[in-house]
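Subject: Predicted model and findings

Dear colleague,

My findings follow it, grouped by topic.

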Amino acid sequence: YCCYHNEEYARAAEFYEELMALCPESEEYRTYYVQSSVKAGSWLDATRVSSSVQSQRMRLLQAQAELEQGNLQSCRTTLSQCLEDDPITLLCVTTAWERTMKH
């Protein structure tokens with residue numbers, strides 16, 4: 001928790017990875033691991049873990065990782081699996097669309 005808030009994202013991801021091993025049933029630790037990995041630029045690790053959990057929050061994190069990698073088609077596909085009327089989903093779709101228009 002402290003590492004993440006001190007912007008030591010790679011170190012935070014390491015701690016959350018250890019916590020996931022100790023408590024594999026904890027979606028909270030998986031979520032924090034994915035968030036830390038995305039911030040640290042470890043998109044493959046983030047995608048690997050987020051794709052194994054089927055929740056709205058994890059799909060949005062997976063879409064963020066795909067967007068950061070420049071994989072716009074995968075990002076759009078992931079976002080299509082999210083709730084359409086969710087404001088966060090709409091923001092992500094808008095961001096992906098804007099990046100598509102720039103390329």
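Which residues does Val-38 touch, not counting residues up to four places away in sequence? Val-38 touches Trp-43, Ala-46, Leu-61, Gln-64 and Ala-65, where contact means heavy atoms within 4.5 Å.

As to conventions, this is a predicted model, in which local features need pLDDT of at least 70 and side-chain atom pairs count only at pLDDT 80 or more, while totals for chains, interfaces and linings use all residues. Residues are numbered from 1 along each chain as its sequence is written, and side-chain values use heavy atoms, with hydrogens and water left out.

Nonpolar cores

Val-38 is among the residues with the most contacts inside the largest nonpolar core, together with Tyr-33, Val-34, Ala-46, Val-49 and Met-58. That core has 14 residues. A nonpolar core is a set of buried Ala, Val, Leu, Ile, Met, Phe, Trp, Tyr and Cys residues joined through side-chain atoms within 4.5 Å. Buried means under 20% relative accessible area, exposed over 50%, and partly exposed in between, with a 1.4 Å probe and protein chains only. At least two residues of this core come from each of helix 2 (9–22), helix 3 (27–40), helix 4 (43–50) and helix 5 (56–68). Helices are DSSP runs (H or I, at least four residues), numbered from the N terminus. Helix 2 supplies the largest share, 4 residues. There is also a second, separate core of 8 residues, which includes Leu-60, Leu-67, Leu-79 and Cys-82. As background, nonpolar side chains tend to be buried together in soluble globular proteins.

The 14 residues of helix 2 should span 20 Å at 1.5 Å a residue, and the end C-alpha atoms are 20 Å apart, which agrees; the expected span is 1.5 Å times one less than the number of residues. An α-helix has 3.6 residues a turn, so residues three or four places apart point the same way.

In helix 3, the buried residues are Arg-30, Thr-31, Tyr-33, Val-34, Ser-36, Ser-37 and Val-38. They pack against helix 1, helix 2, helix 4 and helix 5. Gly-41 follows helix 3 and has a positive phi, near 85°. A positive phi also occurs at Glu-7, a residue other than glycine, with a value near 65°. Glu-7 lies in the loop between helix 1 and helix 2 and is exposed, with a relative accessible area of 60%.

Aromatic pairs

How many aromatic pairs does the structure hold? It holds 2. Rings of Phe, Tyr and Trp (its six-membered ring) pair if their centres lie within 6.5 Å; planes under 30 degrees apart count as stacked, over 60 as edge-to-face and the rest as tilted. The rings of Tyr-4 and Tyr-9 have centres 5.1 Å apart and planes at 70°, so this pair is edge-to-face. Tyr-4 is partly exposed at 22% relative accessible area, whereas Tyr-9 counts as buried at 17%. Tyr-16 and Tyr-32 form a tilted pair, 5.4 Å centre to centre with 50° between the planes. Tyr-16 lies in helix 2 and Tyr-32 in helix 3, so the pair ties together parts that are 16 residues apart in sequence. Tyr-16 is buried at 9% relative accessibility, and Tyr-32 is partly exposed at 28%.

Cysteines

The structure holds 0 disulfides, a disulfide being a pair of cysteine sulfur atoms within 2.5 Å. For Cys-23, the nearest cysteine sulfur is that of Cys-3, 17 Å away. Cys-23 is partly exposed, with a relative accessible area of 25%, and Cys-3 is buried at 12%.

Yours sincerely
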